[in-house]
Protein chains: 6
Amino acid sequence: MTSPAISRYPIPKLDDLADDIRARMLEVQEKAGFIPNVFLALAHRPDEFRAFFAYHDALMLRDGGLTKAEREMIVVAVAGANDCLYCFIAHGAILRVYAKNPLIADQVGVNYRKADITPRQRAMLAFALKVAERSGEIDEEDYATLRSHGFDDEDIWDIGNISAFFCLSNRMANMIGLRPNDEFFLLSRVPRQK
Amino acid sequence: MTSPAISRYPIPKLDDLADDIRARMLEVQEKAGFIPNVFLALAHRPDEFRAFFAYHDALMLRDGGLTKAEREMIVVAVAGANDCLYCFIAHGAILRVYAKNPLIADQVGVNYRKADITPRQRAMLAFALKVAERSGEIDEEDYATLRSHGFDDEDIWDIGNISAFFCLSNRMANMIGLRPNDEFFLLSRVPRQK
Amino acid sequence: MTSPAISRYPIPKLDDLADDIRARMLEVQEKAGFIPNVFLALAHRPDEFRAFFAYHDALMLRDGGLTKAEREMIVVAVAGANDCLYCFIAHGAILRVYAKNPLIADQVGVNYRKADITPRQRAMLAFALKVAERSGEIDEEDYATLRSHGFDDEDIWDIGNISAFFCLSNRMANMIGLRPNDEFFLLSRVPRQK
Amino acid sequence: MTSPAISRYPIPKLDDLADDIRARMLEVQEKAGFIPNVFLALAHRPDEFRAFFAYHDALMLRDGGLTKAEREMIVVAVAGANDCLYCFIAHGAILRVYAKNPLIADQVGVNYRKADITPRQRAMLAFALKVAERSGEIDEEDYATLRSHGFDDEDIWDIGNISAFFCLSNRMANMIGLRPNDEFFLLSRVPRQK
Amino acid sequence: MTSPAISRYPIPKLDDLADDIRARMLEVQEKAGFIPNVFLALAHRPDEFRAFFAYHDALMLRDGGLTKAEREMIVVAVAGANDCLYCFIAHGAILRVYAKNPLIADQVGVNYRKADITPRQRAMLAFALKVAERSGEIDEEDYATLRSHGFDDEDIWDIGNISAFFCLSNRMANMIGLRPNDEFFLLSRVPRQK
Amino acid sequence: MTSPAISRYPIPKLDDLADDIRARMLEVQEKAGFIPNVFLALAHRPDEFRAFFAYHDALMLRDGGLTKAEREMIVVAVAGANDCLYCFIAHGAILRVYAKNPLIADQVGVNYRKADITPRQRAMLAFALKVAERSGEIDEEDYATLRSHGFDDEDIWDIGNISAFFCLSNRMANMIGLRPNDEFFLLSRVPRQK
């Protein structure tokens, strides 16, 4: 019995990869226990792989006013809006890990208005979804609303650019039929013991 | 510390409930280990409670060409389309139980086109979503497509009516701010041992 | 020459019906002069028939802050939004009867913003349509708006649940191709003499 | 007690009107028994009045492959799509007159797919609504479909231009809050005796 | 090599045209240096041609509170919303001429929120687009907003009717496949010398 | 008199930029005669700048089955769908240059169905817009359609990824209010002499 395909495109063998790309995969495997399929699938195009993850790291690892969990909330909410199974599941898992909260990812992905989050986080996600769905209508009022919740302009850039980057990512995942690793579905579902 | 509210409306005490309603709750508690919040919240209106669950049972427990898992697939896909957190999570759990598959509920809820289901099931969900989103456009061609997948007219009624009933249910849950029990999020996430 | 079909599904004969279902039909026939097709068509599934009308009666006959005409306004506006010919026509007729107003049903069904109704009724219909079309976005502000028009929380439940129930009903009618009785089109078109 | 306003704009007095405009009104009053409000409201701008009715007559009175009833079907279906109460009601009445059918107007306005019309008429209305709602996507296939139903290119022009003209008319009526005369609601509701 | 067709319908020869129609064409040719294709294509139906341009002139040449450039802004913004290449290009050229601004037409056509226009003009275009896209929702608040920007009710009629008229025009152009004259694309692209 | 802002965010001075970023800007200035504003605005975040242009170059400079003009057609059509003024104008200019055709950019940006392009290019743009607007619905049929037009799977990846990348880019430009350089509006408007 064969496993379901993880992409419509061929997956390169680890041995055939450029050193930097293989190194990145082994590093994430070391940390997570498995290689997320997005690495395997995007390695089909090494230059795009490098740019994609450089962009990802610039946004997601950057110091700033948003916590890691908040960045992942944006990703999961945008994935829900874009019907992207891969990012909903994979970043849902990461969000559960960062937030130490087994409920938050599904709440944010299905309907953030019902999630156990702060009003500030709700404003953040409302803006992220406006960037995802109606960016042509963004205006000064949107900035004013976010500032009234304590976000500064660099935070707003982060919120908007994370949303925009995952609009790219969701579309690629949907186009190539990227399948989430089974591991992501269960990851961090049990609340941490205190 | 107080728990988050499970509804915008008051939750009656078990002792204050009519006997038939309390009995139904105790029965589901016996089986599931907890009382799903939909029972507690809808008991605010006893007559509507009775009609709601009578309708539910008529559709979900009826013999026919759809498996229990397939009926729950319809519920979860429709909940995704209607941004209904309660049904997405609660019926997602039930779907995992019936299908003995820890991945299927999220797949179907986020984007059924990417789910590990049969072409027949994909046709079933496409029709369920047409009933949910554009029922005014249903015509003979939709029936012909479903028949070509082996559904008979009674199956089609079931598919459509389950979708329609949960369009009611999703709207009520969204309107009253119905919160899924925490238990549902984790239920049946681990694959059954063989 | 044959009459057009009233449903895509078989219509049971009155003699073959369970006593309670036949009794209900005869009762409405007594009152209206004819049996509305929704009774005939839903009798194809007796258990669903019973649950459907139990739900209907719980909502439409309940005492509360909404008049009977206001309840029917909700039904007609929602039917318009869902492109449901049966409910638009049948409940349009009932609305004309209750409101003693031959214009109101078409006004509300085509565009309630142009109807001869009060600002309070306009707020009621705006909420009913939000439940019908974007229930995932309902929030505390919607409740506050309705309260400012004098609705209490039980009224709000009624408005929302009537809308939700007819979202079910409209989808079923569209799915089975339910045809309005010819009688409904003309009913109560002439203003009552004073 | 005052009557509800028929327009957001002033209605000129008949005596103040230019002769040709007053003559047109008297002519229609002679025929219909009352002056439809669209004449009174548009007379606020005499030059636009003249152009509007010249356009209307060029389309609706022209000889060609469409019957008068079919032209009015297009108007009513488009009015439904544009939520235009005035044209739905006023042209619904005219459609009932031409078609000698008391049911057809509501059927076509609410959901033409459920109407008692021919497949050829259904194709005609599908095209009219594409012109109304997604004209940028019209292509050769649309023409081929209509030709397969026996329409020639001049008929297609008529269908499309009637739809386009009433897209103008519906928007004006909605903008000025044009109110249908009460008479239109009841007109020709009773089937003609044979 | 043949030129691409300018319409799906036959273009009459100038010699075959009625005198008034040919005169109108020669007049515009005299002024613009070429005959815009809309004249040639609509001449296929002389009566509609006359009504169309009578309506156009009544709206676009009328004295009132809107400048000629502002009227053309409405046309271009509406053409963008309706995906109408002909009006976007042809009226974009006319807008550049009237506004003496080589940038304004593309700005307004693609996204008027980013255009170099005044807040008053932004409010004007927001209303014009509401007439084009959701006229059934227009209410007193829209009028109040426009009045707060200094528009009187006659200006509002103009804004709305220009939008409505070009909703007709865009649909006809899309339906017949009307091709913009090549000349329009370049017209007035270079800023006037001072 | 000051120029309009080119971004909601501060523009770094050339002297303050990292060497590689300044070098890239000077290179494009050398070639184009001016520095496109996207370089100036994105330099606010050097790491994101580098990743953005690395991604851009990987997609737009890659060898493959799409011509440079075809790649720019995708960009312009997607910018139109996303209401992104910057990319519509800037890449419209680049498209005119590559295609040696002064009409093509506006045609493709406003409505590619009316553009002077091949059926193969029309299929390419239809897929690019599906990636931009409904990527969750992409399936094997879309691949089959493109293959029937002679595209291989690497071409399809290119089409989809260019669309996805500019969905990111359009959202960023809209969010920061990125203003196209005036030069772009006029560039290559006059047909090349033969």
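A polar contact here is a pair of N or O atoms within 3.5 Å; within protein, one must be able to donate a hydrogen and the other to accept it, and residues adjacent in sequence count only if both atoms are side-chain atoms. The model is predicted, with local features needing pLDDT of at least 70 and side-chain atom pairs pLDDT 80 or more, while totals for chains, interfaces and linings use all residues. Residues are numbered from 1 along each chain, chains are lettered from A, and side-chain values use heavy atoms, without hydrogens and water.

**Exercise 1.** Work out how many residue pairs are in polar contact between chain B and chain C, and which helix of chain B gives the most to that side.

*Solution.* Start with the count: 24 residue pairs, both at pLDDT 80 or more, are in polar contact between the two chains. Next, look at helices (DSSP runs of H or I, at least four residues, numbered from the N terminus). Helix 9 of chain B gives the most to the side touching chain C, with 17 residues.

**Exercise 2.** Find the salt bridges across the interface of chain B and chain C.

*Solution.* Apply the rule: a side-chain nitrogen of Lys or Arg within 4 Å of a carboxyl oxygen of Asp or Glu. This finds 6 salt bridges across the interface. Now pick an example: Arg8(B) pairs with Glu140(C), their closest N and O atoms being 2.6 Å apart.

**Exercise 3.** State the area buried between chain B and chain C.

*Solution.* Take the accessible area (1.4 Å probe) that two parts lose on being put together, summed over both.

Key. Helix = DSSP H or I, 4+ residues; strand = E, 2+ residues; numbered from the N terminus.
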